[in-house]
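Please look at the structure below, and follow the text with the sequence at hand.

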Amino acid sequence: MTRSPLFLAALASSAVPGLDPVTVEGVPSEPGDLFEIAYVQDSQDRRWVVKAPCTQAAGAMLDDVSALSGLLGRRLEVAMPMVRGFAPVPEGRAAVYLRVPGRPLDLAGLGPGPLAAELGRTLAHIHNVEHLLFEEAGRPSYDAEAHRRRQLSELDRAAATGHVPTGLLTRWEHALEDVSLWRFAPTPVHGTFTGQNVLASFDDDDDSASGHVRGVLAWEASRIGDPADDFAELASIAQPDTVDAVLEAYAASRVERPDVHLVRRARLSAEMAPLRRLLHALAAGELDVVERTAGELRRLDARVVAQDRRHALEDAERSERTRRSQEPSVGIDPDDPERPPTGERPEPDWDATQPHVPFPMLGATQAISMHPLLEESQGYAASPPPPAAGSPGSLESPEPSEPAPDAPATEHWEQPLTAPATTSPSSTDQAPPTPGDARDAAGTGGGTQDGAHPGTPESQNEVTDSIQASPQDPVQDSPQDSVEDSQPVPVVAADSDASPFEIDEVEALPEEADGVLDLHEGASDFVPVEHHPAHEPHADRR
């Protein structure tokens with residue numbers, strides 16, 4: 001259906017109150033277009049755009065885009081059509097909005113520079129939009145697998161028409177069945193990001209580097225899908241240096257890192273664009289469009305091999321440029337003694353994303369090994385007690401002292417005093433200690449063995465030497481004295497790999513115990529002490 005520009009101007013006047021058309025300019029349409037467009041200028045020198053759908057499906061798309069513009073218009077750095085009013089038509093509703101300033105871009109003639117970088121940042125800003133906003137506007141959403149299966153379905157439908165060459169069918173089928181090629185994170189995409197839909201303004205008409213992206217039109221195909229679809233025309237017709245400049249700015253502005261197969265999928269999307277036009281023309285019954293598109297597919301089949309060779313050279317050059325950019329800068333004096341050797345790169349700055357030495361150092365936080373101390377302690381415990389001064393085995397002469405008149409000076413050393421708290425299994429032939437002996441060992445008073453008097457120096461030396469002779473046997477004192485006099489000693493489990501830890505003397509195991517019963521590393525509970533029959537009941541020690 002073809003509407004006149006005057007009819008479209010009348011629709012604009014009825015859609016927006018206060019719009020008085022003065023001039024109107026129609027946009028030539030082609031078979032297969034979804035919309036009819038006209039530019040209207042009102043009495044206030046404002047320029048408006050009237051967009052009327054040609055089919056009911058196009059009318060539904062226009063309604064959805066109107067909802068999206070209200071949500072997305074304030075979040076983009078560039079302008080987009082903001083609908084100001086609607087006018088009813090048989091196919092749905094015609095939309096009226098202010099014209100976005102700028103001129104369409106020619107991507108084939110675009111060179112690397114500030115405008116190409118700004119184009120990449122614009123694409124990144126669109127792809128960084130939240131998914132929820134597109135879903136709220138009712139836009140379709142496809143994940144990677146759904147997007148791949150959707151294109152496989154379109155390929156099967158096109159193959160059934162007989163208008164697609166066999167070589168293209170085989171080529172596209174192999175690409176779509178390569179699952180590794182379709183691993184990407186779905187993003188909000190424009191859908192038809194072509195030079196005709198990107199508007200730019202230039203400070204100097206003769207200098208393309210002075211251009212700035214002002215707006216993006218035609219959001220009817222917007223969806224959540226493959227970000228490579230927005231690079232289709234750019235990757236197929238733009239210069240390799242321009243594609244690299246756009247991709248570099250795009251990657252620097254994206255929230256997520258682009259996948260490695262983005263350019264390859266973009267070229268595939270550009271190749272399959274005529275296939276989609278073919279299916280649309282068949283559905284609409286436009287036979288002339290079907291014949292024209294079939295001829296385009298045959299020409300594509302003839303030149304696709306040459307395109308593959310050209311793309312392979314472009315990819316190799318891009319990889320080489322990337323490798324060179326990562327090498328150290330030239331200009332280093334070869335005679336400089338501090339120059340890094342050939343083939344080695346200088347040490348990069350510290351990067352939080354790379355493995356690094358943790359702080360503090362591991363050696364500063366590890367427990368000190370107590371194995372040497374334990375072995376020294378066990379060796380000292382296993383050695384026989386040193387003989388007292390004046391005994392036959394002593395190498396030192398006894399200190400001169402006045403012996404007690406009623407006690408012999410040498411007889412009481414023949415049987416040294418042992419700690420009365422515990423009794424080892426090897427000494428079961430000795431008599432059990434008495435409560436008085438425990439008090440003597442603790443220095444609280446009481447009798448001594450072999451007739452030694454409490455106040456003599458010999459009796460005091462007996463107690464001291466006996467305690468030193470048995471460092472493995474804990475002394476059972478009263479609760480008050482045990483808490484005050486206990487010192488931490490290292491205890492290691494029977495397993496040599498277990499980490500050492502410290503406990504108090506009153507918690508240590510007997511000398512004959514196999515080791516710490518709780519072998520869990522870092523256990524902080526009290527170590528149980530094995531009970532021997534020779535132990536004195538607690539009630540008796542009281």
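This is a predicted model: local features need pLDDT of at least 70, side-chain atom pairs count only at pLDDT 80 or more; totals for chains, interfaces and linings use all residues.

Begin with the open sheet, which is formed by 5 strands in the order β1-β2-β3-β5-β4, with antiparallel pairing. Strands of a sheet pair through backbone hydrogen bonds, either parallel or antiparallel. At the edges stand β1 (21-26) and β4 (83-89); each has a single partner strand, so one side of each is left without a neighbour in the sheet. From one strand to the next, the twist averages 25°.

The antiparallel strands β4 and β5 (residues 92-98) are joined by 6 bridges. Ala-87, for example, has Ala-94 of β5 as its bridge partner. Helix α1 (residues 5-15) packs on the sheet and touches β1, β2 (35-42), β3 (47-53), β4 and β5. The direction of α1 makes about 120° with that of β4.

Next come the nonpolar side chains. In soluble globular proteins, such side chains tend to be buried together. The largest nonpolar core of this model has 39 residues, of which Leu-72, Leu-119, Trp-219 and Phe-231 touch the most other members. Elements that give two or more residues to this core include α2 (56-72), α3 (114-127), β8 (198-202) and α8 (240-253). The largest share, 6 residues, comes from α3.

Which residues does Phe-231 touch, not counting residues up to four places away in sequence? They are Leu-123, His-127, Val-246, Leu-247, Tyr-250, Leu-262 and Ala-266.

Terms used. Residues are numbered from 1 along each chain as its sequence is written. Side-chain values use heavy atoms; hydrogens and water are left out. Two strands pair if DSSP finds at least two bridges between them. Helices (H or I, at least four residues) and strands (E, at least two) are DSSP runs, numbered from the N terminus. Axes are lines fitted to C-alpha atoms, for helices over the stretch in contact, and angles run from 0 to 180 degrees between N-to-C directions. Contact means heavy atoms within 4.5 Å. A nonpolar core is a set of buried Ala, Val, Leu, Ile, Met, Phe, Trp, Tyr and Cys residues joined through side-chain atoms within 4.5 Å. Buried means under 20% relative accessible area, exposed over 50%, partly exposed in between (1.4 Å probe, protein chains only).
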